[in-house]
Amino acid sequence: MIHTTSINQEVKTAGAKKRTPLTFVPGHIFQGKITKLFPNHLASLSINGMQVTARLEAALTAGGRYWFEVQEGSGLPKLKVIDNQGRTGQGSPPPVNEQLIRQLGLPQNPAINALLDQLAVKQLALPKHALKEAAQLLTTLNKYDRQTVDLVHLLIQKNLPLSEEAVRAVQAFQKETGVNQQIQQVIQLAQSAEYASHPSIEKLVSALKQFNAQTEFGQTKQPVLHLLQQLVHPSATAEQREAAKILLTRLGLSDTKETIDGFIHRFHQVVLNQQQTSSEVRPLLPPQLTNQVVQLQPREAMQHILGSLSNLPQGEKGSLELLFQRLNGSQKALDIEGGLRHLVSQQLPANERSMLLAALYHSVSPAITDAKSGFGSHLQNVAALLGLHYESEIARHVQQTNVNELSHQERLKGMLMQLEQSLPLPVREKVTEMIQRITGSQLMAQEQQGPLQQVLMQLPLVLGSYQTDVTLQWEARRQEDGSLDPNHCRILFYLELETLGELIVDMQIQNRVISLTVFNEGDKPSRLIDLLLPTLHDALDGFDYKLTTLTWKNINEYSHNKVQSHHESAYKQRVDYQGVDIRI
């Protein structure tokens, strides 16, 4: 399985894994190896796994590892040897010596040794001035382990502040616990008897629950309700009613001998007249409706009842299951969801197939299926509510310029920061971790990889009653107006769903032509894909996109392909220099 932590690490450190064309920036320090010597003072130099040809103006030894400082980066790059005691040993290079540290003008301490050791092992390059700042940060943190050194180097690579706050924020972002899980942990702790009476707790819990409600994306309904409604809907055709009845029979709610009118009459009796059922089901109906339907004929009564039941909150799901159990006449719970999955996997007649698709389509709210104001708009709103733009909104507010419709106090991050110091210590620590994670999301959001801009975002998401986090990564060229090119880009979605489990969707767009690859542990749901594919095509057509391929792969192939792609990228992006590449 690919956990959130590994996804974050893979995405955020992708730049360190990929072999990119060599660039020499004046002032950068790195280690290279002289692999071969040639006549006329030429040599082959290995830098970060790439071979370049160098003209030597210093006496170096084949097989030796040397530290270099870039003096000139443009034209024919010029490197200065800053450690003339080349090392020819096998494996990882030994720790740097005192001569190198003195020549760099760096302090002699464990932090510098840890940084330079990691630069040598990972073949990384850093500016000399950043080495001093990074060493000071490691000394302040009093941590010299590989993980902390890697994290500090990541801050330097992304031009982020070298501060304790930035370190803690990025560490929090790399943890597996997502914002949704953090929110639930805070609510559970805050509502415990020990802290429930604290003055700030009520405000905290209320704000977190409100945020959850605002991040909910569409209500889901039981597809069976649509099938039941088709039996009594005035505009339903005889063929549609018959298809709905057959599907209800396949699900175990009726039998082949029962007529549609007979089922409607039995439904009326089950809901209103059976004492055992009415004690659980009738309270779900508004009192005025209960009194009204008693006076109505079964068909009209069923219309009103289903109209009310279709608006039930998610928490009443168990009561609907009880109703289905009573319709089945069984004392055991009926596996409706399993029955629907079985139907989806079957080769059904055209009329039943069409009715099943309509039931699935109507089981989600219009917000989910609305192409213009659906998922994308919701994610933008969640990002704003979370407070990913909190500091910039504060700045605009101070300057009295136009700000977003939502006040900056309504952002989750701003609210947590206001309450943080007034909370009991255990709750405060949890809230601080949440603030740090949001800050980490802000720091890690964007990265430039050559001409491509990478945007990484992890957002909490509530799908019906299921709470999860979705991680999205965009990779595209940035246009003149600052937006990412929608015609040529790549978008990755990482999320965990209630039934499908862990899911990765890789969407690649070239000239508005889309190829989709879905990674999941389960078998390919071919029938479901065939059922929903026409709807997907229509939705994409509305945005002037064309879907050409949809591939389903086992999620274990994802890691293998990622490793392969890194090696392929290293090969394809290797720079084919002609003549002399650099001067030493």
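**Contacts and overall make-up**

I began with the contacts in the chain that have a separation of 6 or more, and found that residues 24 or more positions apart account for 61% of them. I note here that the model is predicted, so that every value in these entries is a computed one. For secondary structure I counted 25 helices and 14 strands in the chain. Of its 584 residues, 45% count as buried, and the chain exposes about 29600 Å², with carbon and sulfur atoms supplying 50% of that area.

**Aromatic rings**

I next searched the whole structure for aromatic pairs, and the search returned 2. In one of them, Phe 30 and Phe 68 lie 5.8 Å apart, centre to centre, with 35 degrees between the planes, which is a tilted arrangement. Phe 30 belongs to strand 1 (residues 28–38) and Phe 68 to strand 4 (residues 65–72), so I recorded this pair as a link between distant parts of the chain, 38 residues apart. For the rings of Tyr 66 and Phe 68 I noted centres 6.4 Å apart and planes at 50 degrees, and this pair is therefore tilted as well. I then looked up the burial of these residues: Phe 30 and Phe 68 are buried, and Tyr 66 is buried too. Phe 30, Tyr 66 and Phe 68 together form one aromatic cluster.

Which residue has a positive phi of about 65 degrees although it is not a glycine? I found this at Asp 544, which is placed in the loop between helix 24 (526–541) and strand 13 (546–554). Asp 544 counts as exposed because its relative accessibility is 56%, and the cut-off for exposed is over 50%. The side chain of Asp 544 meets that of Arg 512 in a salt bridge, with an N to O distance of 3.9 Å. Since Arg 512 lies in the loop between strand 11 (501–510) and strand 12 (513–520), while Asp 544 lies in the loop between helix 24 and strand 13, the pair ties together parts that are 32 residues apart in sequence. Arg 512 is partly exposed, at a relative accessible area of 22%. I also recorded that the charged end of Arg 512 sits over the ring of Tyr 545, 4.0 Å from the ring centre.

**Other salt bridges**

How many salt bridges does the count come to? I have 7 in total. Among them, Asp 541 and Lys 546 meet through their side chains at 3.4 Å, N to O; Asp 541 is partly exposed at 37% relative accessibility, whereas Lys 546 is exposed at 52%. I also looked up the bridge between Arg 266 and Glu 258, for which the N to O distance is 2.7 Å. Arg 266 counts as partly exposed at 24% relative accessibility, but Glu 258, at 17%, counts as buried, because the cut-off for buried is under 20%.

**Two further residues**

Asn 142 has a positive phi of about 55 degrees without being a glycine, and I located Asn 142 in the loop between helix 5 (128–141) and helix 6 (146–157). With a relative accessibility of 57%, Asn 142 counts as exposed.

My last entry concerns Arg 168, which lies in helix 7 (residues 164–174) and is partly exposed at 37% relative accessibility. Arg 168 and Arg 437 are 269 residues apart in sequence, and their C-alpha atoms are 8.5 Å apart in space.

Technical notes:
Residues are numbered from 1 along each chain as its sequence is written. This is a predicted model: local features need pLDDT of at least 70, side-chain atom pairs count only at pLDDT 80 or more; totals for chains, interfaces and linings use all residues. Side-chain values use heavy atoms; hydrogens and water are left out. Helices (H or I, at least four residues) and strands (E, at least two) are DSSP runs, numbered from the N terminus. Buried means under 20% relative accessible area, exposed over 50%, partly exposed in between (1.4 Å probe, protein chains only). Contact means heavy atoms within 4.5 Å. Accessible areas come from the Shrake-Rupley method with a 1.4 Å probe; for residues, only the protein chains shown count as cover. Rings of Phe, Tyr and Trp (its six-membered ring) pair if their centres lie within 6.5 Å; planes under 30 degrees apart count as stacked, over 60 as edge-to-face and the rest as tilted. A charge sits over a ring if NZ of Lys or CZ of Arg is within 6 Å of the ring centre and within 35 degrees of the ring normal. A salt bridge is a side-chain nitrogen of Lys or Arg within 4 Å of a carboxyl oxygen of Asp or Glu.
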